[in-house]
Amino acid sequence: MDLEFQKYSPLPKYAFQNRYEEFEEAKHLSREELGTYPFDKMEEECGVFGLHSTETQDTFSLSQFGLFALQHRGQEACGIAVGNNGKILSVKDEGLVLDVFKTIEEPEKFMGSTVIGHTRYTTAGDKKKYNFQPFFAKNEYDQIILSIAHNGNLTNAKQLRRELEYEGVVFRATSDTEVILRLIQKNLDLGLRGAIKATMEKIEGAYSVVGITRNKFFAFRDFNGIRPLVLGAIDENTFVVASESCALDGVGAQYVRDILPGEIVYTSDNEKGLQSYLVKEDCVNKICAFEYIYFARPDSTLEGINVHEVREKSGMKIWEQAPVDADIVIGVPDSGVPAAIGFSKASGIPFRPVLIKNRYIGRSFIIPSQEMREHFVNLKLNPIISEMKDKRVVIIDDSIVRGTTSKRLVKILKNAGVKEIHFRSVSPPIIAPCFLGIDTPTKDDLISANMTKDELRKYLDVDSLEFLSVDNLVNILGSPNHCFGCFTEKYPVKNPDELAFVDQGD
């Protein structure tokens, strides 16, 4: 079926590396003893971006702007692949988006009609350069004929890789993204749409993919829609696909809609514009709930739901669920702040932005000394003491994962002279790891999986503790059709008995 587009006028943290292993004197210490940083949040996924036009565009700048808007989804590496006049040129490297683009000496070479890009955060496996995206496949003349970028995890990557290797396919990396690439490449004799359809019918898990051939553009999304993917238009000839709508804003594109679960959008030789094909007609969207709680930028809209509004409503809802007498409410930057504002609106307790976040701090500190770790806490988040001394304070945070961050934050507030501390998490207790594209600690490291709420309250040393209930989260999102696996251990995709020993975080 054709996509019906209106005409649109143009609109005016490196990821933590396990580098403590490099320190000979620290090899006998555990990760907890070393005090690894950044803090214990659910770590980012990856971000994908794609643009296709019937005319040559400044794809160098537009891809840079789009990926910069998605920088929060991955800070380890980034890359682009540009299509122009039947040729594909790719560049990718370690570092933040602006740092990588500054190394490109001849930007004019990356001007074309089509581009895909990727910001990378590795959730498991090998962090070597050969796993940086986009991935590409070459023909016998050493010419790139196919390139893709992927966000998500395949749960059957190991099995599929073995099958392909048995057939003689040679893999050059350890990422499950290459499994997708090689399956499409293997089936190209079916035509582009047929190759993607055959690939989607083989792979399992969570994925949002953008890609190009030498003369075509495509994007597709898993049958549960777990990882986000949105579609926009700069004008009637130029379309954009990205992990979040904030990337559309970054390149002056208007939001059109979200790519549907199980949908392929693509260009073809025989038909004009962007085409759409549903591999399965009866898919149910189960986008990850944690996108709204923490991952997505607050100015993004996913599946018609604004992220900032969800976070503000979560603060209002947890006030209804667990009211408390207090003098001020504070939010842990950044995602806890909208929820704190919502809590303040519902309760009438004044909101005070008194936790100051250092936005220029690195993301891969190795701090073997306990004394230095204590100093680092205040370097990352520092309170305005005069605003909270002798006050009863409500702390609003997006989640509690390992609990170490929350405990250190409580200590900061106690040192500032806070009279009472009431902790509110606007996500339900995280009791299970994610295997669908999020860097989650093992179940043994998830504090809510190993402590009762009262045990955790005592561990944090707070006067009261409450988590948003799953029912209230469902109420805020307006539907039970989301992935709540990390809260319920019930996943839209079957949990594999053993994750593949490949890099599954792209």
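**Close-up 1. The four-stranded open sheet of the predicted model**. In this predicted model, four strands are joined by parallel pairing into an open sheet, in which they follow the order β17-β20-β21-β22. The edge positions are taken by β17 (328–331) and β22 (464–467), each of which has a single partner strand, so that one side of each is left without a neighbour in the sheet. From one strand to the next, the twist averages 20 degrees.

**Close-up 2. The pairing of β20 with β21**. Strand β20, spanning residues 392–397, and strand β21, spanning residues 420–425, run in the parallel sense and are paired over six bridges. Asp 397 stands opposite Ser 425 in β21.

**Close-up 3. Helices α9 and α10 on the sheet**. Helix α9 (residues 307–321) packs on the sheet, where it touches β21 and β22, and its direction makes about 125 degrees with that of β22. Helix α10 (residues 336–347) also packs on the sheet, touching β17, β20 and β21, with a direction that makes about 160 degrees with that of β17.

**Close-up 4. The packing of α9 with α10**. The axes of α9 and α10 lie 6 Å apart, and the two helices pack at an angle of about 45 degrees; they are therefore oblique to each other. The crossing in which α9 passes α10 is right-handed. Among the residues that make the contact are His 308, Arg 311, Met 316 and Trp 319 of α9, together with Pro 338, Ile 341, Phe 343 and Lys 345 of α10. Taken as a whole, the residues of the contact of α9 with α10 comprise eight nonpolar, five polar and three charged.

Terms used
Residues are numbered from 1 along each chain as its sequence is written. This is a predicted model: local features need pLDDT of at least 70, side-chain atom pairs count only at pLDDT 80 or more; totals for chains, interfaces and linings use all residues. Side-chain values use heavy atoms; hydrogens and water are left out. Two strands pair if DSSP finds at least two bridges between them. Axes are lines fitted to C-alpha atoms, for helices over the stretch in contact, and angles run from 0 to 180 degrees between N-to-C directions. Contact means heavy atoms within 4.5 Å. Angles under 35 degrees count as roughly parallel, over 145 as roughly antiparallel, 65 to 115 as roughly perpendicular and the rest as oblique. A crossing is left-handed if the near helix is turned anticlockwise from the far one by less than a right angle, and right-handed if clockwise. Ala, Val, Leu, Ile, Met, Phe, Trp, Tyr, Cys and Pro count as nonpolar, Asp, Glu, Lys and Arg as charged, and the others, Gly among them, as polar.
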